[in-house]
Amino acid sequence: MNDKQLMGKFISDINIVSARCLRIFSYSLMLFFAYFFFVVGVDVKKLIVVLGIVFLIGIFPTLIVNGLKMSKNYFTRHFIILASVSIMTTMITEFQLYAYALILFPLLVAALYFDRTFVLYTAMLTALGILVSALVRYYYGAQLLFKTTSRVRDVFQDMALPNILIVSVLSIITFFVVDINSKYIKTNEETAITMLNNEKGLIFALSEISENKSKLTGEHIKRVSEYMRVMALAAGFEEDYADKLATAAMAHDIGKLMISEEILDKPTKLTKEEYQIMRNHVLYGDALLEKCPGEILHLARIMAKEHHEKWDGTGYLGMKGEEIAFISRMIAVCDVFDALTAERMYKKGWSLEDAYDEIVRCSGTAFDPEIVKLFTENFDKIRAIHDMMPDKQIY
(Lines give C-alpha, C1' and ligand atoms only; values in the text may rest on other atoms or scores of the structure.)
Protein backbone atom coordinates (compact mmCIF):
# COMPACT_ATOMS: atom_id res chain seq x y z
CA MET A 1 0.00 0.00 0.00
CA ASN A 2 1.55 3.29 -1.09
CA ASP A 3 1.14 6.76 0.37
CA LYS A 4 -1.84 7.60 -1.85
CA GLN A 5 -3.65 4.36 -1.03
CA LEU A 6 -3.08 4.75 2.71
CA MET A 7 -4.35 8.33 2.67
CA GLY A 8 -7.34 7.19 0.61
CA LYS A 9 -8.18 4.58 3.22
CA PHE A 10 -7.78 7.17 5.98
CA ILE A 11 -10.21 9.56 4.24
CA SER A 12 -12.62 6.68 3.60
CA ASP A 13 -12.63 5.69 7.27
CA ILE A 14 -13.18 9.30 8.36
CA ASN A 15 -16.04 9.70 5.86
CA ILE A 16 -17.74 6.63 7.30
CA VAL A 17 -17.29 7.84 10.88
CA SER A 18 -18.39 11.40 10.03
CA ALA A 19 -21.52 10.22 8.24
CA ARG A 20 -22.43 8.01 11.18
CA CYS A 21 -21.82 10.83 13.67
CA LEU A 22 -23.94 13.22 11.63
CA ARG A 23 -26.77 10.71 11.52
CA ILE A 24 -26.64 10.09 15.29
CA PHE A 25 -26.32 13.84 15.88
CA SER A 26 -29.45 14.57 13.87
CA TYR A 27 -31.35 11.89 15.81
CA SER A 28 -30.19 13.43 19.08
CA LEU A 29 -31.26 16.91 17.99
CA MET A 30 -34.69 15.63 17.04
CA LEU A 31 -35.17 14.08 20.48
CA PHE A 32 -33.73 17.07 22.34
CA PHE A 33 -35.76 19.74 20.61
CA ALA A 34 -38.93 17.66 20.57
CA TYR A 35 -39.39 18.71 24.19
CA PHE A 36 -40.65 22.07 22.87
CA PHE A 37 -43.84 20.27 21.91
CA PHE A 38 -44.43 19.41 25.56
CA VAL A 39 -42.87 22.36 27.40
CA VAL A 40 -43.00 25.47 25.27
CA GLY A 41 -46.07 24.65 23.25
CA VAL A 42 -44.84 25.71 19.80
CA ASP A 43 -46.66 25.00 16.57
CA VAL A 44 -46.50 21.20 16.30
CA LYS A 45 -46.76 21.12 12.52
CA LYS A 46 -43.87 23.55 12.13
CA LEU A 47 -41.82 21.59 14.67
CA ILE A 48 -42.39 18.35 12.77
CA VAL A 49 -41.37 20.02 9.50
CA VAL A 50 -38.16 21.42 11.02
CA LEU A 51 -37.17 18.13 12.64
CA GLY A 52 -38.06 16.27 9.45
CA ILE A 53 -35.70 18.52 7.49
CA VAL A 54 -32.94 17.92 10.05
CA PHE A 55 -33.51 14.16 9.79
CA LEU A 56 -33.34 14.15 5.98
CA ILE A 57 -30.18 16.26 5.95
CA GLY A 58 -28.58 14.07 8.61
CA ILE A 59 -29.33 10.82 6.77
CA PHE A 60 -28.11 12.14 3.40
CA PRO A 61 -24.34 11.55 4.00
CA THR A 62 -25.07 7.99 5.18
CA LEU A 63 -26.92 7.30 1.93
CA ILE A 64 -23.94 8.58 -0.03
CA VAL A 65 -21.35 6.62 1.99
CA ASN A 66 -23.23 3.36 2.51
CA GLY A 67 -25.91 3.34 -0.16
CA LEU A 68 -23.87 4.69 -3.07
CA LYS A 69 -20.56 3.27 -1.73
CA MET A 70 -18.84 6.65 -2.09
CA SER A 71 -16.77 6.59 1.08
CA LYS A 72 -13.57 6.82 -0.99
CA ASN A 73 -14.82 9.62 -3.21
CA TYR A 74 -12.95 12.90 -2.72
CA PHE A 75 -16.15 14.98 -2.75
CA THR A 76 -17.91 12.93 -0.07
CA ARG A 77 -16.38 14.95 2.75
CA HIS A 78 -17.74 18.13 1.13
CA PHE A 79 -21.25 16.65 1.17
CA ILE A 80 -20.80 15.81 4.86
CA ILE A 81 -19.69 19.34 5.73
CA LEU A 82 -22.49 20.88 3.67
CA ALA A 83 -24.95 18.67 5.55
CA SER A 84 -23.53 19.67 8.95
CA VAL A 85 -23.64 23.39 8.04
CA SER A 86 -27.21 22.99 6.74
CA ILE A 87 -28.31 21.37 10.01
CA MET A 88 -26.60 24.13 11.99
CA THR A 89 -28.25 26.83 9.85
CA THR A 90 -31.69 25.27 10.17
CA MET A 91 -31.41 24.88 13.93
CA ILE A 92 -30.13 28.36 14.76
CA THR A 93 -32.73 29.88 12.44
CA GLU A 94 -35.63 28.14 14.12
CA PHE A 95 -34.43 27.77 17.71
CA GLN A 96 -32.17 30.83 17.96
CA LEU A 97 -30.36 31.07 21.31
CA TYR A 98 -31.27 27.50 22.22
CA ALA A 99 -29.18 26.20 19.31
CA TYR A 100 -26.27 28.63 18.95
CA ALA A 101 -23.81 26.11 20.44
CA LEU A 102 -24.28 24.17 17.19
CA ILE A 103 -22.12 26.66 15.29
CA LEU A 104 -19.18 24.60 16.64
CA PHE A 105 -20.37 21.35 15.09
CA PRO A 106 -19.19 21.83 11.47
CA LEU A 107 -15.69 22.78 12.68
CA LEU A 108 -15.55 19.69 14.88
CA VAL A 109 -16.43 17.50 11.89
CA ALA A 110 -13.87 19.26 9.66
CA ALA A 111 -11.15 18.77 12.28
CA LEU A 112 -11.53 14.99 11.90
CA TYR A 113 -9.93 15.20 8.45
CA PHE A 114 -6.70 16.87 9.67
CA ASP A 115 -6.72 19.19 6.67
CA ARG A 116 -6.01 22.87 7.38
CA THR A 117 -7.51 24.13 4.13
CA PHE A 118 -10.65 22.11 4.77
CA VAL A 119 -11.01 23.74 8.21
CA LEU A 120 -10.89 27.22 6.66
CA TYR A 121 -13.34 26.17 3.97
CA THR A 122 -15.72 24.89 6.67
CA ALA A 123 -15.35 28.10 8.69
CA MET A 124 -16.38 30.17 5.67
CA LEU A 125 -19.40 27.93 5.03
CA THR A 126 -20.37 28.19 8.70
CA ALA A 127 -20.14 31.99 8.58
CA LEU A 128 -22.25 31.95 5.42
CA GLY A 129 -24.79 29.74 7.19
CA ILE A 130 -25.02 32.24 10.05
CA LEU A 131 -25.62 35.07 7.57
CA VAL A 132 -28.29 33.05 5.75
CA SER A 133 -29.96 32.39 9.11
CA ALA A 134 -29.91 36.11 9.90
CA LEU A 135 -31.44 36.98 6.52
CA VAL A 136 -34.21 34.43 6.94
CA ARG A 137 -35.01 35.71 10.42
CA TYR A 138 -34.96 39.31 9.19
CA TYR A 139 -37.30 38.77 6.24
CA TYR A 140 -39.40 35.80 7.39
CA GLY A 141 -39.22 36.05 11.19
CA ALA A 142 -42.99 35.94 11.57
CA GLN A 143 -43.19 32.49 9.94
CA LEU A 144 -40.64 30.79 12.21
CA LEU A 145 -41.25 28.66 15.29
CA PHE A 146 -39.96 31.50 17.44
CA LYS A 147 -41.04 34.77 15.88
CA THR A 148 -38.19 37.26 15.71
CA THR A 149 -37.91 41.00 15.47
CA SER A 150 -37.21 42.53 12.10
CA ARG A 151 -34.79 45.11 13.47
CA VAL A 152 -31.38 44.99 11.77
CA ARG A 153 -29.52 45.61 15.01
CA ASP A 154 -31.12 42.65 16.79
CA VAL A 155 -30.70 40.19 13.93
CA PHE A 156 -27.29 41.10 12.50
CA GLN A 157 -25.29 43.23 14.90
CA ASP A 158 -26.28 41.55 18.17
CA MET A 159 -26.53 37.94 16.98
CA ALA A 160 -25.04 37.18 13.56
CA LEU A 161 -21.82 39.18 13.72
CA PRO A 162 -20.75 38.03 17.22
CA ASN A 163 -21.24 34.41 16.19
CA ILE A 164 -19.26 34.91 13.00
CA LEU A 165 -16.48 36.38 15.14
CA ILE A 166 -16.62 33.32 17.40
CA VAL A 167 -16.40 31.01 14.38
CA SER A 168 -13.41 32.97 13.04
CA VAL A 169 -11.50 32.70 16.32
CA LEU A 170 -12.31 29.00 16.70
CA SER A 171 -11.30 28.31 13.11
CA ILE A 172 -7.87 29.84 13.75
CA ILE A 173 -7.44 27.71 16.87
CA THR A 174 -8.64 24.61 15.01
CA PHE A 175 -6.29 25.43 12.13
CA PHE A 176 -3.21 25.32 14.36
CA VAL A 177 -4.39 22.23 16.26
CA VAL A 178 -4.96 20.40 12.97
CA ASP A 179 -1.59 21.62 11.67
CA ILE A 180 0.24 20.10 14.64
CA ASN A 181 -1.73 16.86 14.59
CA SER A 182 -1.38 16.44 10.82
CA LYS A 183 2.41 16.43 11.21
CA TYR A 184 2.17 13.60 13.72
CA ILE A 185 -0.21 11.73 11.45
CA LYS A 186 2.12 12.18 8.49
CA THR A 187 5.01 10.76 10.50
CA ASN A 188 2.90 7.80 11.66
CA GLU A 189 1.66 7.28 8.12
CA GLU A 190 5.21 7.12 6.76
CA THR A 191 6.17 4.68 9.52
CA ALA A 192 3.16 2.50 8.78
CA ILE A 193 3.97 2.43 5.06
CA THR A 194 7.59 1.53 5.77
CA MET A 195 6.59 -1.29 8.12
CA LEU A 196 4.01 -2.60 5.66
CA ASN A 197 6.49 -2.55 2.79
CA ASN A 198 9.08 -4.28 4.97
CA GLU A 199 6.57 -7.03 5.77
CA LYS A 200 5.71 -7.47 2.11
CA GLY A 201 9.37 -7.46 1.14
CA LEU A 202 10.16 -10.13 3.70
CA ILE A 203 7.30 -12.34 2.52
CA PHE A 204 8.29 -11.90 -1.13
CA ALA A 205 11.87 -12.84 -0.29
CA LEU A 206 10.91 -15.88 1.77
CA SER A 207 8.42 -16.99 -0.87
CA GLU A 208 11.03 -16.71 -3.60
CA ILE A 209 13.46 -18.78 -1.55
CA SER A 210 10.76 -21.37 -0.90
CA GLU A 211 9.72 -21.37 -4.55
CA ASN A 212 13.24 -21.72 -5.89
CA LYS A 213 14.15 -24.52 -3.49
CA SER A 214 11.80 -26.90 -5.25
CA LYS A 215 11.91 -27.44 -8.99
CA LEU A 216 8.28 -28.48 -9.10
CA THR A 217 6.14 -25.68 -7.86
CA GLY A 218 6.26 -23.32 -10.85
CA GLU A 219 3.94 -20.33 -10.46
CA HIS A 220 1.95 -22.06 -7.69
CA ILE A 221 2.61 -19.41 -5.03
CA LYS A 222 1.67 -16.50 -7.31
CA ARG A 223 -1.53 -18.15 -8.50
CA VAL A 224 -2.64 -19.09 -5.00
CA SER A 225 -1.99 -15.49 -3.94
CA GLU A 226 -4.27 -14.15 -6.68
CA TYR A 227 -6.91 -16.80 -6.04
CA MET A 228 -6.87 -15.69 -2.41
CA ARG A 229 -7.43 -12.08 -3.44
CA VAL A 230 -10.51 -13.07 -5.46
CA MET A 231 -11.90 -15.15 -2.60
CA ALA A 232 -11.25 -12.44 -0.01
CA LEU A 233 -13.06 -9.78 -2.04
CA ALA A 234 -15.92 -12.20 -2.70
CA ALA A 235 -16.15 -12.85 1.06
CA GLY A 236 -16.71 -9.13 1.61
CA PHE A 237 -13.30 -8.05 2.91
CA GLU A 238 -12.09 -4.53 2.12
CA GLU A 239 -9.67 -4.18 -0.78
CA ASP A 240 -6.69 -3.30 1.42
CA TYR A 241 -7.29 -6.33 3.68
CA ALA A 242 -7.71 -8.57 0.63
CA ASP A 243 -4.32 -7.28 -0.56
CA LYS A 244 -2.79 -8.22 2.79
CA LEU A 245 -4.31 -11.70 2.59
CA ALA A 246 -3.04 -12.15 -0.95
CA THR A 247 0.46 -11.17 0.15
CA ALA A 248 0.34 -13.38 3.25
CA ALA A 249 -0.89 -16.32 1.13
CA MET A 250 2.43 -16.36 -0.71
CA ALA A 251 4.07 -17.70 2.45
CA HIS A 252 1.64 -20.57 3.05
CA ASP A 253 4.31 -23.15 2.11
CA ILE A 254 7.15 -21.37 3.90
CA GLY A 255 7.68 -24.41 6.15
CA LYS A 256 9.00 -26.35 3.14
CA LEU A 257 12.24 -24.45 3.61
CA MET A 258 12.92 -26.96 6.37
CA ILE A 259 12.25 -29.97 4.11
CA SER A 260 15.11 -31.53 2.17
CA GLU A 261 15.14 -31.25 -1.62
CA GLU A 262 15.31 -35.04 -1.87
CA ILE A 263 11.82 -35.24 -0.41
CA LEU A 264 10.43 -32.12 -2.08
CA ASP A 265 11.53 -33.18 -5.56
CA LYS A 266 11.16 -36.93 -5.25
CA PRO A 267 9.61 -38.16 -8.54
CA THR A 268 8.02 -41.23 -6.97
CA LYS A 269 5.60 -41.80 -4.11
CA LEU A 270 6.89 -40.79 -0.68
CA THR A 271 7.48 -43.42 1.97
CA LYS A 272 5.46 -43.28 5.17
CA GLU A 273 8.39 -41.65 7.00
CA GLU A 274 8.98 -39.14 4.17
CA TYR A 275 5.29 -38.26 4.05
CA GLN A 276 5.28 -37.54 7.78
CA ILE A 277 8.27 -35.24 7.33
CA MET A 278 6.43 -33.48 4.50
CA ARG A 279 3.34 -33.07 6.70
CA ASN A 280 5.47 -31.35 9.31
CA HIS A 281 6.04 -28.38 7.02
CA VAL A 282 2.91 -26.76 8.52
CA LEU A 283 4.53 -26.85 11.97
CA TYR A 284 7.81 -25.59 10.59
CA GLY A 285 5.97 -22.67 8.94
CA ASP A 286 4.24 -21.86 12.22
CA ALA A 287 7.57 -21.90 14.07
CA LEU A 288 9.38 -19.80 11.46
CA LEU A 289 6.78 -17.01 11.60
CA GLU A 290 5.91 -17.25 15.30
CA LYS A 291 7.91 -14.25 16.47
CA CYS A 292 7.64 -12.14 13.32
CA PRO A 293 5.89 -8.78 13.99
CA GLY A 294 3.24 -7.22 11.79
CA GLU A 295 -0.28 -8.00 10.64
CA ILE A 296 0.66 -9.57 7.30
CA LEU A 297 3.20 -11.92 8.86
CA HIS A 298 0.63 -12.86 11.50
CA LEU A 299 -1.86 -13.73 8.76
CA ALA A 300 0.88 -15.66 6.95
CA ARG A 301 1.59 -17.67 10.09
CA ILE A 302 -2.07 -18.67 10.44
CA MET A 303 -2.25 -19.83 6.83
CA ALA A 304 1.12 -21.57 6.94
CA LYS A 305 -0.04 -23.63 9.92
CA GLU A 306 -3.63 -24.37 8.89
CA HIS A 307 -3.77 -24.57 5.10
CA HIS A 308 -3.89 -28.40 5.14
CA GLU A 309 -6.73 -28.60 7.68
CA LYS A 310 -10.05 -30.07 6.56
CA TRP A 311 -13.59 -29.13 7.46
CA ASP A 312 -14.34 -32.65 8.77
CA GLY A 313 -11.22 -32.78 10.97
CA THR A 314 -9.14 -35.18 8.86
CA GLY A 315 -6.39 -32.66 8.04
CA TYR A 316 -2.76 -32.66 9.16
CA LEU A 317 -3.40 -31.26 12.66
CA GLY A 318 -6.94 -32.56 13.20
CA MET A 319 -8.58 -29.14 13.44
CA LYS A 320 -12.26 -29.20 12.55
CA GLY A 321 -14.97 -26.84 11.30
CA GLU A 322 -14.75 -23.33 12.69
CA GLU A 323 -11.71 -24.25 14.77
CA ILE A 324 -9.94 -23.53 11.49
CA ALA A 325 -9.50 -19.82 10.78
CA PHE A 326 -11.74 -18.48 8.00
CA ILE A 327 -8.74 -17.33 5.99
CA SER A 328 -7.21 -20.81 6.30
CA ARG A 329 -10.41 -22.37 5.00
CA MET A 330 -10.17 -20.04 2.00
CA ILE A 331 -6.57 -20.81 1.20
CA ALA A 332 -7.20 -24.54 1.57
CA VAL A 333 -9.54 -24.39 -1.44
CA CYS A 334 -7.13 -22.19 -3.40
CA ASP A 335 -4.14 -24.41 -2.61
CA VAL A 336 -5.84 -27.72 -3.46
CA PHE A 337 -7.37 -26.39 -6.67
CA ASP A 338 -4.00 -25.18 -7.91
CA ALA A 339 -2.21 -28.35 -6.79
CA LEU A 340 -4.71 -30.44 -8.75
CA THR A 341 -4.37 -28.43 -11.96
CA ALA A 342 -0.57 -28.07 -11.84
CA GLU A 343 1.66 -30.50 -13.70
CA ARG A 344 4.42 -32.13 -11.69
CA MET A 345 7.20 -34.59 -12.43
CA TYR A 346 5.17 -37.29 -10.70
CA LYS A 347 1.73 -36.45 -12.17
CA LYS A 348 -0.20 -34.79 -14.95
CA GLY A 349 -2.26 -31.75 -14.15
CA TRP A 350 -6.03 -32.14 -13.97
CA SER A 351 -8.30 -30.19 -16.28
CA LEU A 352 -9.89 -27.12 -14.74
CA GLU A 353 -13.31 -28.75 -15.01
CA ASP A 354 -12.20 -31.91 -13.19
CA ALA A 355 -10.50 -29.87 -10.46
CA TYR A 356 -13.66 -27.74 -10.12
CA ASP A 357 -15.80 -30.87 -9.76
CA GLU A 358 -13.43 -32.24 -7.11
CA ILE A 359 -13.65 -29.06 -5.04
CA VAL A 360 -17.45 -29.20 -5.23
CA ARG A 361 -17.49 -32.93 -4.39
CA CYS A 362 -15.44 -32.28 -1.24
CA SER A 363 -17.75 -29.54 0.03
CA GLY A 364 -18.71 -30.39 3.58
CA THR A 365 -15.87 -32.88 3.99
CA ALA A 366 -12.51 -31.39 3.08
CA PHE A 367 -13.83 -27.86 2.54
CA ASP A 368 -16.16 -25.40 4.24
CA PRO A 369 -19.37 -25.31 2.11
CA GLU A 370 -19.48 -21.52 2.43
CA ILE A 371 -16.00 -21.24 0.92
CA VAL A 372 -16.87 -23.68 -1.86
CA LYS A 373 -19.87 -21.50 -2.71
CA LEU A 374 -17.58 -18.46 -3.02
CA PHE A 375 -15.27 -20.54 -5.20
CA THR A 376 -18.01 -21.63 -7.60
CA GLU A 377 -19.53 -18.15 -7.82
CA ASN A 378 -16.15 -16.67 -8.78
CA PHE A 379 -14.75 -19.51 -10.84
CA ASP A 380 -14.53 -17.43 -14.02
CA LYS A 381 -12.10 -15.05 -12.27
CA ILE A 382 -10.06 -17.97 -10.93
CA ARG A 383 -9.96 -19.55 -14.39
CA ALA A 384 -8.68 -16.28 -15.87
CA ILE A 385 -5.87 -16.12 -13.29
CA HIS A 386 -4.91 -19.72 -14.01
CA ASP A 387 -4.72 -19.01 -17.74
CA MET A 388 -2.64 -15.85 -17.23
CA MET A 389 -0.07 -17.57 -14.99
CA PRO A 390 0.90 -20.91 -16.55
CA ASP A 391 3.65 -22.93 -14.92
CA LYS A 392 7.19 -22.29 -16.09
CA GLN A 393 9.23 -25.14 -17.45
CA ILE A 394 9.53 -28.06 -15.04
CA TYR A 395 13.06 -29.50 -14.93
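This report describes aromatic ring contacts and one backbone feature in a predicted model.

## Aromatic ring pairs

The structure contains 15 aromatic pairs. One of them joins Tyr 27 and Phe 55: their ring centres are 5.8 Å apart and their planes meet at 20 degrees, so this pair is stacked. The assignment follows because planes under 30 degrees apart count as stacked.

The two partners belong to separate helices, with Tyr 27 in helix 1 (residues 3–33) and Phe 55 in helix 3 (residues 44–67). The pair therefore ties together parts that are 28 residues apart in sequence. Tyr 27 is partly exposed, at 33% relative accessibility, and Phe 55 is likewise partly exposed, at 30%.

## An aromatic cluster

Ring pairs also connect residues into a cluster, whose members are Tyr 227, Phe 337, Tyr 356, Phe 375 and Phe 379.

## A charge over a ring

Phe 118 has Arg 77 over the face of its ring, at 4.5 Å from the ring centre.

## Backbone at Phe 114

Most residues other than glycine have a negative phi. Phe 114 is not a glycine, yet its phi is positive, at about 50 degrees. Phe 114 is located in the loop between helix 5 (105–111) and helix 6 (116–140).

With a relative accessible area of 28%, Phe 114 is partly exposed.

Note on methods
Residues are numbered from 1 along each chain as its sequence is written. This is a predicted model: local features need pLDDT of at least 70, side-chain atom pairs count only at pLDDT 80 or more; totals for chains, interfaces and linings use all residues. Side-chain values use heavy atoms; hydrogens and water are left out. Helices (H or I, at least four residues) and strands (E, at least two) are DSSP runs, numbered from the N terminus. Buried means under 20% relative accessible area, exposed over 50%, partly exposed in between (1.4 Å probe, protein chains only). Rings of Phe, Tyr and Trp (its six-membered ring) pair if their centres lie within 6.5 Å; planes under 30 degrees apart count as stacked, over 60 as edge-to-face and the rest as tilted. A charge sits over a ring if NZ of Lys or CZ of Arg is within 6 Å of the ring centre and within 35 degrees of the ring normal.
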